[in-house]
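Here's a structure to go through by asking what each label rests on. Have a look at it, then follow the questions below.

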Amino acid sequence: MSSSESEPPARPADTLPAVAPQLRALRRRASLTLEAAARAAGLSPAHLSRLETGQRQPSLPMLLALARIYGTTVSELLGETVADRDAIVRAGDMEPTRAGGWTYWQAGASGRGMQSLRVRVPYGSQGDIVRVHPGEEWLYVLRGRLRLRLGDTAYLLAPGDSAHFDSLTPHRIAAEDPDGLELLFVHTLLQSPTAALCLGPLTGDMP
């Protein structure tokens, strides 16, 4: 079982009232079986079934994977109601959502070819997960320091620094400091059978 399946711990079903039914409905809309969707996301069918029934909370990487596979956005998976095609998203309309220890705010309109998020990453949260998926990502550090690993190279980014890279490059995101970090995160939404694979923890610490 991959690390993407082993975190976060199971939580009561009532903690995710909107996610479970949306996950199942959007999978069916995409005409995918449970087995096919799970295989594309790098999950077991049993694990995806637990997500769809609310027995387990999906992490942000899982939501990103499923959004790409279903040809939708994380906001639609969560049943959020940002106005479709609205060019302006007001700060007061950005409701925080928690996933896998991260907190994020939808910073762009739904139904677009890119997804924009403001993300808060606590120290030690998902820092051992390596991600690989089609598309591009752009990160901009707002607060704190970001430890970013791209392939075999590690970078330390301070507030005001940014990174733009091909998401097929294995990458790993972690907060460098105990206070965590906050960043802007933009990624392309691509539907692909190989979308958003979480390869699991690396051996040893990031240099």
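Q: What share of the 207 residues in the protein chain is buried?
A: Buried residues come to 50% of the 207. Keep in mind that this is a predicted model. The chain has six helices and 11 strands, and 72% of its contacts with a separation of 6 or more are between residues 24 or more positions apart.

Q: Why is glutamate 137 called buried?
A: Its relative accessible area is 2%, and buried means under 20%. Glutamate 137 is therefore buried.

Q: Where does glutamate 137 lie, and what does it touch?
A: Glutamate 137 is part of strand β5. Leaving out residues up to four places away in sequence, its contacts are Ala163, His164, Phe165, Ser167, His171, Phe185, Val186 and His187. Take phenylalanine 185: it sits 48 residues from glutamate 137 in sequence, yet the C-alpha atoms are 7.2 Å apart.

Q: Which strands does β5 pair with, and how do you know that they pair?
A: Pairing takes at least two bridges. Strand β5 (residues 136–143) has five bridges to β8 (residues 162–166) and six to β10 (residues 181–188), so both pairs pass that cut-off. Each of these partners runs antiparallel to β5. On the β8 side, leucine 139 is opposite alanine 163; on the β10 side, valine 141 is opposite leucine 183.

Q: What makes β6 and β7 a pair, and what lies between them?
A: Five bridges join β6 (residues 146–150) to β7 (residues 153–157), and two would do. The two strands run antiparallel and form a hairpin with two residues between them. In the turn, glycine 151 has a positive phi of about 65°. Leucine 146 in this pairing has leucine 157 of β7 as its bridge partner.

Q: What else is leucine 146 in contact with?
A: Setting aside neighbours within four places in sequence, the list is Leu139, Val141, Tyr155, Leu156, Leu157, Ile173, Ala174, Leu181 and Leu183.

Q: Which residues touch the most other members of the largest nonpolar core?
A: Those are Tyr104, Leu146 and Leu148, in a core of 42 residues. Helix α5 (residues 60–70) gives the most to this core, with nine residues. As a general point, nonpolar side chains in soluble globular proteins tend to be buried together.

Q: How do you know that α5 is mostly covered?
A: Count its buried residues: 11 of 11. Among them are Leu60, Pro61, Met62, Arg68 and Tyr70. After α5 comes glycine 71, with a positive phi near 70°.

Q: Why is α4 called roughly perpendicular to α5?
A: Helix α4 (residues 45–52) packs against α5 at an angle of about 95°, and their axes are 13 Å apart. Angles of 65 to 115 degrees count as roughly perpendicular, so α4 is roughly perpendicular to α5.

Q: Which residues meet where α4 packs on α5, and of what classes are they?
A: From α4 come His47, Leu48, Leu51 and Glu52; from α5 come Met62, Leu66 and Tyr70. By class, the contact has five nonpolar, one polar and one charged residues. Glu counts as charged and His falls among the polar ones, so Glu52 is the charged residue and His47 the polar one.

Technical notes
Residues numbered from 1 in each chain as written. Predicted model: local features only at pLDDT ≥ 70, side-chain atom pairs only at ≥ 80, totals over all residues. Heavy atoms only, no water. Core = buried A, V, L, I, M, F, W, Y, C linked by side-chain atoms within 4.5 Å. Buried < 20%, exposed > 50% of the residue type's maximum accessible area, 1.4 Å probe, protein only. Helix = DSSP H or I, 4+ residues; strand = E, 2+ residues; numbered from the N terminus. Contact = heavy atoms within 4.5 Å. Axes fitted to C-alpha atoms, helices over the stretch in contact; angles between N-to-C directions. Parallel < 35°, antiparallel > 145°, perpendicular 65-115°, else oblique.
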